[in-house]
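Student: Could we go through the spaces inside this protein and the place where its ligand sits? I would like to begin with whatever term I need first.

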Amino acid sequence: MSRPVPNAGILDIAPYTPGKSGAGLTGRVFKLSANETPLGPSPKAIEAFKSAADHLEDYPEGSSRILREAIGRTYGLDPDHIICGAGSDEILNLLAHTYLGPGDEAIHTTHGFLVYPIATMANGAINVIVPEKNFTADVDAILKAVTPRTKMVWLANPNNPTGTYVPFDEVKRLRAELPSHVLLVIDAAYSEYVVRNDYEAGIEMVSTTDNTVMTRTFSKIHGLAALRVGWMYGPANIVDAVSRIRGPFNVSTPAMLAAVASLEDTVHQEHSRVHTDKWRAWLTDEVSKLGLTVTPSAANFILIHFPQEAGKTAEDADAFLTKRGLILRALKNYKLPHALRMTVGTEEANRLVVEALAEFMGQK
Ligand SMILES: *Cc1c(COP(=O)(O)O)cnc(C)c1O
């Protein structure tokens, strides 16, 4: 008997496995595995979300107009060049669906975000993985992998799970040397956390080319991951094409209203940025002092490398920390079996992790 057959490529996809949530543990649990903000969303966003409860019978406004206008005001962008989505995940998938087909190639780097290969292969395209240098995307390696079939380059900047970023000069060089028909997707999910003077989130790159898009999210610094809101800024030709396949009501009203209120609460965002900056530096120092290597991060998490000696491995550390209610992210499926990713948490959570790691490393 024959059965429905999935499209080519679908069954080659390794399903996305999220980090442990800590559910099932007893006692206090600190979830530092999903890069969620420890400060929660803006109280104004929560209020706006609740206000939408009075009219759940109404469909949302289909183009996310009020949110696109709020984003436009915040960043000085034309709202007509913005598309909103149910998380930036939806936007990444819409981009792949619009531009990739069987036989096309899409490039990402070794430790690139795992949504990219899924979006690529879901459209029958070929996932091309290129090496990094010091856990950082390497422009020359990307350029070397370009073939006549290349249609897209995925670049998370900063990257998850490594936390490293590509300076603006290098992004410009990448764009300049890529063939003009290749779409460069700059995923700037963590851009709000970057405090470096050689970084640009993607706005200038998009504004000055017609083959580059930047995606952003409300899941990280805005603390609205549960609501699923993301957006893309792109040139008219790309916005026009992607809009044709976007679901007509893809962002819910409560999500839209909360996102608008969150954008307007710049004090909350600044508080979050300052908290992250301070504790990211503290964690990097303290964990390094224990003899562990930490990859310098520009995002709201750090990547900790463990020795490969029995009793001291990343897997051992993960088990040790989990027993204490400290949930970090194991990265086997990111080809980083000897590292754990830790989201910057509250002061209490950060101190508990450092204390536990000191004990784990036999220094306490
Ligand atoms: C968290 C994250 C996103 C955001 O995804 P949403 O669907 O908007 O929640 C996008 N890209 C990267 C690299 C991320 O780590």
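Tutor: Helices and strands here are DSSP runs, numbered from the N terminus; a strand has at least two residues. Please also keep in mind that this is a predicted model.

Student: Which strands each supply at least two residues of the lining of the largest cavity?

Tutor: They are β3, covering 105–109, and β7, covering 150–156. The greatest contribution is from β7, with three residues.

Student: Which residues line that cavity?

Tutor: The lining of the largest cavity consists of H108, T109, G112, Y116, A137, W154, L155, A156 and N159. By class, five of these residues are nonpolar and four are polar, with no charged residues.

Student: What is the volume of the largest cavity?

Tutor: Its volume is about 40 Å³. A search of the whole structure finds one cavity of 30 Å³ or more.

Student: How many residues line the pocket, and which lie nearest its centre?

Tutor: The lining of the largest pocket comprises 30 residues, and those nearest the centre are Y16, A34, D89, F113 and K220. The lining divides into 12 nonpolar, 10 polar and eight charged residues.

Student: Which helices supply at least two residues each to the pocket lining?

Tutor: Those are α3 and α4, the latter spanning 115–122. Helix α3 gives the most, with three residues.

Student: Which residues surround the ligand itself?

Tutor: The shell around the ligand is made of G87, S88, D89, F113, N160, D187, A189, Y190, T217, S219, K220 and R228. Three of the shell residues are nonpolar, five are polar and four are charged. Helix α3, residues 87–99, provides the largest share of this shell, with three residues.

Student: Which side chain has a polar atom 2.6 Å from a nitrogen atom of the ligand?

Tutor: That is D187, whose polar side-chain atom lies 2.6 Å from the ligand nitrogen.

Student: And what about Y190 and T217?

Tutor: In Y190, an N or O atom of the side chain is 2.6 Å from an oxygen atom of the ligand. For T217, a side-chain N or O atom is likewise 2.6 Å from an oxygen atom of the ligand.

Student: How much of the ligand's accessible area does the protein cover?

Tutor: On its own, the ligand has 390 Å² of accessible area, and the protein covers 93% of that.

Note on methods. Residues are numbered from 1 along each chain as its sequence is written. This is a predicted model: local features need pLDDT of at least 70, side-chain atom pairs count only at pLDDT 80 or more; totals for chains, interfaces and linings use all residues. Side-chain values use heavy atoms; hydrogens and water are left out. A residue is near a molecule or strand if one of its heavy atoms lies within 4 Å of it. A polar contact is a pair of N or O atoms within 3.5 Å; within protein, one must be able to donate a hydrogen and the other to accept it, and residues adjacent in sequence count only if both atoms are side-chain atoms. Accessible areas come from the Shrake-Rupley method with a 1.4 Å probe; for residues, only the protein chains shown count as cover. Helices (H or I, at least four residues) and strands (E, at least two) are DSSP runs, numbered from the N terminus. Ala, Val, Leu, Ile, Met, Phe, Trp, Tyr, Cys and Pro count as nonpolar, Asp, Glu, Lys and Arg as charged, and the others, Gly among them, as polar. On a 1 Å grid over the protein atoms alone, a cavity is a set of points where a 1.4 Å probe fits but cannot get out, and a pocket is an open set with protein on both sides within 12 Å along at least five of seven lines; lining residues have an atom within 4 Å of a point. Grid points are joined across faces, edges and corners, and a volume is the space filled by probe spheres set on the points.
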